[in-house]
Amino acid sequence: MAIESPVQIALELRSLYLVTGSNSGVGLAIVRAFCKHFGENGAVYLTARNEERGMQAVEVLKKEGLNPRFHLLEVDDVSSMEMLRDDIKTEHGGLDILVNNAGIAYKGNPPMSEQAVGSIKTNYHGVRLMTDTFLPIMRDGGRITHVAGLSAPMAYYRLSEELQERFKQVSTVQDVTNLMNGLIEATKIGDHVQKGWPDWAYGPSKLGVVALTKIQGENVSKDSSKKDVLINCCCPGYVATGMTTHHTGENAKHRLTPDQGADTPVYLSLLPAGTTDIQGKFLYKREIKDFFTVDIRPITYM
Ligand SMILES: NC(=O)c1ccc[n+]([C@@H]2O[C@H](COP(=O)([O-])OP(=O)(O)OC[C@H]3O[C@@H](n4cnc5c(N)ncnc54)[C@H](OP(=O)(O)O)[C@@H]3O)[C@@H](O)[C@H]2O)c1
């Protein structure tokens with residue numbers, strides 16, 4: 001499917017938007033898309049863990065005639081999340097759209113245990129805790145979108161059958177957290193490969209996000225205090241950002257622009273009211289990819 005510009009997405013207006021890790025890359029492009037098309041009908045929060053980098057990004061958008069707001073947000077720190085939630089609650093009463101975009105991928109080759117602890121902290125727990133912190137103030141019709149990646153199914157297909165089965169069978173958030181903790185413990189001992197994990201932490205941390213999304217989607221559907229709230233995740237595609245600038249080779253030539261990478265996250269964040277069939281799902285190029293039940297190999301970014 002051709003990737004369309006976010007401009008082409010048909011949606012309805014909502015008023016308060018928040019994007020994590022949005023001082024660069026895909027996150028900045030998601031803020032740009034929200035500001036361009038909906039900002040005058042509400043407020044769009046560009047957030048960053050570093051004030052200087054955040055304000056520089058705000059300036060970039062201001063030069064384009066856009067007007068995002070800025071707030072500090074460190075997704076490794078619950079008190080930072082709570083501060084932002086309380087400020088939003090006080091000023092706006094609630095939140096409509098949350099995009100959990102912040103993520104890290106290690107460059108170079110630090111020890112696997114370091115990569116596992118860091119990747120799982122930011123990519124998995126960051127998403128889990130942001131959702132727990134902000135769900136109470138999500139208004140009816142709210143949308144929470146996590147930016148995972150095709151590295152999730154790539155990691156899944158490299159697991160032992162036993163671990164694949166455990167990912168398929170998760171029924172609580174704690175089940176997913178236990179799997180993430182299992183990887184961390186195994187990397188500390190150094191027997192993660194014997195235990196059925198790939199020698200890779202980023203992919204499994206994003207697999208944790210996909211499994212988490214499935215449970216969060218089920219839970220929010222059953223929660224009678226939350227009307228029409230959807231929680232989904234996606235891959236933005238292979239995008240030219242700070243995360244991939246060091247990549248070389250044939251595939252690197254085909255990277256998307258950040259604005260193209262924003263397409264599916266924006267699409268999911270603006271699913272129309274009353275949508276029921278996209279809940280707890282993982283999407284790529286706006287299509288559901290249920291790799292726990294359907295074999296989607298070979299996985300390709302093209
Ligand atoms: N690029 C791709 O091809 C690709 C493919 C699949 C998935 N993704 C996912 O897409 C998302 C965006 O990545 P990107 O490609 O746009 O990379 P990027 O330009 O490096 O952006 C990552 C953003 O996350 C922020 N961040 C990292 N750790 C954080 C923390 N603890 N608290 C708050 N913010 C934090 C970074 O802030 P700093 O500037 O302060 O570091 C940066 O703003 C990530 O979740 C990534 O895993 C990317």
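I started with the lining of the largest pocket and sorted its residues into 20 nonpolar, 19 polar and seven charged. My classes: Ala, Val, Leu, Ile, Met, Phe, Trp, Tyr, Cys and Pro are nonpolar, Asp, Glu, Lys and Arg are charged, and the others, Gly among them, are polar.

**Ground rules.** I am working on a predicted model, where local features need pLDDT of at least 70, side-chain atom pairs count only at pLDDT 80 or more, and totals for chains, interfaces and linings use all residues. Residues are numbered from 1 along each chain as its sequence is written, and side-chain values use heavy atoms, with hydrogens and water left out.

The largest pocket is lined by 46 residues, and Gly103, Ile104, Ala105, Tyr202 and Met243 lie nearest its centre. A pocket here is an open set of points on a 1 Å grid over the protein atoms alone, where a 1.4 Å probe fits, with protein on both sides within 12 Å along at least five of seven lines; lining residues have an atom within 4 Å of a point. I noted a volume of about 1,200 Å³, meaning the space filled by probe spheres set on the points, with points joined across faces, edges and corners. Helices α1, α4 (112-134), α5 (151-156) and α8 each give at least two lining residues. Helices are DSSP runs (H or I, at least four residues), strands likewise (E, at least two), numbered from the N terminus.

**Ligand.** Where does the ligand sit? I found it in the largest pocket, by the test that more than half of its atoms lie within 2 Å of the grid points. I counted 28 residues around the ligand, the closest being Asn23, Arg49, Glu74, Tyr202 and Thr241; the cut-off is a heavy atom within 4 Å.

Next I looked up polar contacts (N or O pairs within 3.5 Å). A polar side-chain atom of Ser24 is 3.0 Å from a ligand oxygen. Gly103 has a backbone N or O atom 3.4 Å from an oxygen of the ligand. A side-chain N or O atom of Asp76 lies 3.4 Å from a ligand nitrogen. The protein covers 92% of the 890 Å² of accessible area that the ligand has on its own (Shrake-Rupley, 1.4 Å probe).

I logged a cis peptide bond from Arg297 to Pro298, omega near -5°; Pro298 is in the segment after β8 (287-288). Lys285, in the loop between β7 (282-284) and β8, has a positive phi near 50° without being a glycine.

Notes. Polar contact = N/O pair within 3.5 Å; in protein donor to acceptor, adjacent residues only side chain to side chain.
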